[in-house]
Amino acid sequence: MEAVFGHLRGAIERGEYAVGDKLPSEAELCRALEVSRPVLREALRALQTMGLTVSKTGKGTFVVANTVEDPTFGDYAASDLLEVRRHVEIPVAGYAALRRTPEDLDHLAHLLDRMERETDTTAWVALDTVFHLAVAEASRNPVFRKVIEEIRDALARQSAFLNELGDRREQSNCEHRAIVEALIDGSEPDAVEAMSHHLRRVEATLTDIVRPQRTDIPPTEGRPEA
């Protein structure tokens, strides 16, 4: 999927598919790229998340931009989601370290074990959102949990995106374990730092995907004619 996504994204950025152009049909692309339809559809969804294309039912997929500005996950832009997560989940981790119960720690440890054994991305993503909800639950503040519930779908979409294009799963497992260890120790500073580190790595991976270092495309290529 990453290879198909990279190929199509590169073609759009180089101007091979200009803004307003319709991409070839799924059948044509599958034949040309020698991939299955599910793989192609995942790549097309990633292009849409990046804001490069839009899918119109019964009409096909159309190019709407040739540069990536701010990916959208569900109802929220990535920049807005990250901003809120920094202001909510970091203090939540600190409160959770001070207020967690033995039941909270057991639940989080069980989730960690399941996530570290899980090999299916879809199942892992579902556990990822449950993990962040469980940390909010451990803060003993129902408002925090409501906020995480509100952005749960966006978190899942972002997690799937980062795992498929940024290979984040193993790294995330390590970061999650550091968060839980801080909660077990009851250390507010360590919990705050562990969550801060986790969100910094999420942002760094997203930035690497959105703005990869490219040396093969001159700055003027891929721009629409005036």
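Tutor: Welcome! UniProt positions are given here in the numbering of this structure, with feature names shortened, and annotations may be inferred rather than shown by experiment. The model is predicted, with local features needing pLDDT of at least 70 and side-chain atom pairs counting only at pLDDT 80 or more, while totals for chains, interfaces and linings use all residues. Residues are numbered from 1 along each chain as its sequence is written, and side-chain values use heavy atoms, leaving out hydrogens and water.

Student: Which residues does UniProt list for "domain: HTH gntR-type"?

Tutor: The unreviewed UniProt entry lists residues 1-66. The end C-alpha atoms of this span lie 20 Å apart, and the span is 50% helix and 12% strand. Helices (DSSP runs of H or I, at least four residues) and strands (runs of E, at least two) are numbered from the N terminus.

Student: Why is R9 called buried?

Tutor: R9 sits in helix α1, residues 2-13. Buried means under 20% relative accessible area, exposed means over 50%, and partly exposed lies in between (1.4 Å probe, protein chains only). The relative accessibility of R9 is 5%, so R9 counts as buried.

Student: What is R9 in contact with?

Tutor: Contact means heavy atoms within 4.5 Å. Leaving aside neighbours within four places in sequence, R9 is in contact with L47, M50, L52, V68, I209, V210, R211 and P212. A polar atom of the R9 side chain also lies 2.5 Å from the backbone oxygen of I209, and a polar atom of that side chain lies 2.5 Å from the backbone oxygen of V210.

Student: How do you know whether I151 is buried or exposed?

Tutor: I151 has a relative accessible area of 7%, so I151 is buried. This residue is in the loop between α7 and α8. Not counting residues up to four places away in sequence, I151 touches Y76, L81 and R85.

Student: What makes R140 partly exposed?

Tutor: The relative accessible area of R140 is 39%, which means R140 is partly exposed. You can find R140 in the loop between α6 (121-138) and α7 (142-150). Its phi is near 65°, a positive value in a residue other than glycine.

Student: And why is D167 called exposed?

Tutor: D167 has a relative accessible area of 63%, and therefore D167 is exposed. D167 lies in the loop between α8 (152-166) and α9 (169-185).

Student: What is the phi of D167?

Tutor: The phi of D167 is about 50°, a positive value although D167 is not a glycine.

Technical notes: A polar contact is a pair of N or O atoms within 3.5 Å; within protein, one must be able to donate a hydrogen and the other to accept it, and residues adjacent in sequence count only if both atoms are side-chain atoms.
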